[in-house]
Amino acid sequence: MAEAGLERAHRMEVEYLKKCFGTLLAQGLAEVAKVRPSDPIEYLAHWLHHNKKIIEVQEEGRQEKIQLKEEYENSLKETRMTEILKQEEYQIQQEFEKCHQLLMSGAVSTKETMFLQESIKPLENEALKKDGLPGTSSVTPEMPQQIPSSDPLGQTPPEINY
């Protein structure tokens with residue numbers, strides 16, 4: 001029975017050594033056998049200490065690679081989002097310019113003018129709600145104001161002040 005307890009303790013020690021050293025201790029002992037230094041214990045101690053530093057540097061490099069990869073992925077996401085916002089801003093600007101040109105050309109009636117003005121408002125509001133792009137000003141230019149026509153029939157195109 002005492003022999004079984006001793007064997008169990010031995011297995012626990014071996015498991016502990018495997019957990020702490022992994023294959024490092026076996027590699028160190030193999031190195032000692034290959035080199036055959038005059039003081040093998042001191043040689044093994046220095047070898048283990050040196051390899052611990054190497055492993056730490058490798059782990060730091062691995063962590064740095066992971067961090068750089070995350071930063072790169074975040075940068076790509078930010079770039080994509082910026083492009084999407086630029087496209088949306090461009091579409092809103094095109095829509096505004098189209099409506100503005102229709103108003104300026106006088107090709108639309110008073111009712112159509114009012115409809116166009118109402119259809120522009122949601123675009124204006126949407127543009128104002130969006131956060132500014134990085135590196136852009138947060139100042140938004142004022143929208144043109146329509147001056148009521150002096151012609152009671154509304155025949156002349158409205159003037160727009162900037």
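**View 1. Leu17 lies in helix α1, which spans residues 2-21.** Helices here are DSSP runs of H or I with at least four residues, strands are runs of E with at least two, and both are numbered from the N terminus. The model is predicted, so local features need pLDDT of at least 70 and side-chain atom pairs pLDDT 80 or more, while totals for chains, interfaces and linings use all residues. Residues are numbered from 1 along each chain as its sequence is written, and side-chain values use heavy atoms, without hydrogens and water. Leu17 is partly exposed, at 37% relative accessible area (buried is under 20%, exposed over 50%, partly exposed in between; 1.4 Å probe, protein chains only). Together with Tyr16 and Phe21, Leu17 makes a nonpolar surface patch of about 290 Å². Patch residues have over 30% relative accessible area and no salt bridge; like charges are joined within 9 Å, nonpolar side chains (Val, Leu, Ile, Met, Phe, Trp, Tyr) within 5 Å. Accessible areas follow the Shrake-Rupley method with a 1.4 Å probe, and for residues only the protein chains shown count as cover.

**View 2. Glu7 and Arg11 form a salt bridge, 3.6 Å from N to O.** A salt bridge is a side-chain nitrogen of Lys or Arg within 4 Å of a carboxyl oxygen of Asp or Glu. The structure holds 3 of them. Glu7 and Arg11 are 4 residues apart in helix α1, about one helical turn.

**View 3. Glu59 and Arg62 form a salt bridge, with the closest N and O atoms 2.7 Å apart.** The two residues are 3 apart in helix α3 (residues 40-105), about one helical turn. Glu59 is partly exposed at 33%, and Arg62 is partly exposed at 42%.
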